[in-house]
Amino acid sequence: MQLIQTVIVKQILTEESKQKLLEKYFAGKLQMQKEYEQLQFELKKLEKAKKYQSSALKTHFEKELKKRHDKEKLYEFQIEQLHMLPLGSELKEKEVQALVEVNVGDKWDEVTGQRTIIIKNGMIDEIR
C-alpha cells in the first residue's frame, strides 16, 4: 500500500545560494515597486478622467496599493534576515508530496515520521 506524505525541502545556505536568494528578493522588491507605481498612475488617470466617481473603485485601488507595499516590505525584511544568517544555515524552501510504501510488519513511527530533503547548491545533499 502507498501513502501520500508531506516532505520538507530545506536549502543549506552557501555563498552561491545566498547570492541567488538575494537576487530573487531584490527582483521581487523591484517588481512590487513597479506594480505600485503603475497602480498609482492608473488611479490618477481615472481620477482625471472623472468617468469613475465610485468610492468602491478607489477603495479597490487603495487595497491593491497596500498589498503591493506590504509585499515590498516583506522582501526588505527577507533581505535583512538573509544578511544576518551564517553560511551553513538550513532554510525551509518548500514542501512537496511523496508516495511512501507501507507493508505489513513496517514500524509505523518510522514510516510516518517527518522526512526532509536537504539541498546544497541545487543538488540533493541528504535525505533524512
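N121 sits in the loop that runs between β3 (115–120) and β4 (123–127); helices (H or I, at least four residues) and strands (E, at least two) are DSSP runs, numbered from the N terminus. The phi angle of N121 is near 55°, a positive value in a residue other than glycine. With a relative accessibility of 35%, N121 counts as partly exposed, where buried means under 20% relative accessible area, exposed over 50%, and partly exposed in between (1.4 Å probe, protein chains only).

The model is predicted, with local features needing pLDDT of at least 70 and side-chain atom pairs counting only at pLDDT 80 or more, while totals for chains, interfaces and linings use all residues. Residues are numbered from 1 along each chain as its sequence is written, and side-chain values use heavy atoms, with hydrogens and water left out.

**Overall form**

The protein contains three helices and four strands. Along the sequence these elements follow the pattern β-α-α-β-α-β-β. The radius of gyration is 22 Å, well over the 14 Å that the globule rule gives for 128 residues, so the protein is more spread out than a compact globule. That radius is taken over C-alpha atoms, and the rule is 2.2 Å times the number of residues to the power 0.38. Taken along the principal axes, the C-alpha atoms fill a box of roughly 75 × 35 × 20 Å. Of the 128 residues, 27% are buried.

V7 belongs to strand β1 (residues 2–12) and is buried, its relative accessible area being 5%. The C-alpha atoms of V7 and R115 are separated by 5.2 Å, although the two residues are 108 apart along the chain.

**Salt bridges**

The whole structure holds 11 salt bridges, each defined as a side-chain nitrogen of Lys or Arg within 4 Å of a carboxyl oxygen of Asp or Glu. Three of them are listed here.

| Pair | Closest N to O distance |
|---|---|
| K29 and E76 | 3.5 Å |
| R128 and E126 | 3.1 Å |

E76 and K73, by contrast, both lie in helix α2, three residues apart, about one turn of the helix. E76 is partly exposed at 22% relative accessible area, and K73 is partly exposed at 42%.

R128 and E126 form a salt bridge and belong to a network of salt bridges that links K10, E90, E126 and R128. R128 is partly exposed, with a relative accessible area of 43%, and E126 is partly exposed at 34%.

**Charged surface**

E101, D106, D109 and E110 form a negative surface patch. Patches are made of residues with over 30% relative accessible area and no salt bridge, like charges being joined within 9 Å and nonpolar side chains (Val, Leu, Ile, Met, Phe, Trp, Tyr) within 5 Å. Asp and Glu count as negative and Lys and Arg as positive, with His and the chain ends not counted. Within this patch, D109 lies in helix α3 (residues 108–112) and is exposed, with a relative accessible area of 64%.

Note on methods: Accessible areas come from the Shrake-Rupley method with a 1.4 Å probe; for residues, only the protein chains shown count as cover. The place of a charge is taken as NZ of Lys, CZ of Arg, CG of Asp or CD of Glu.
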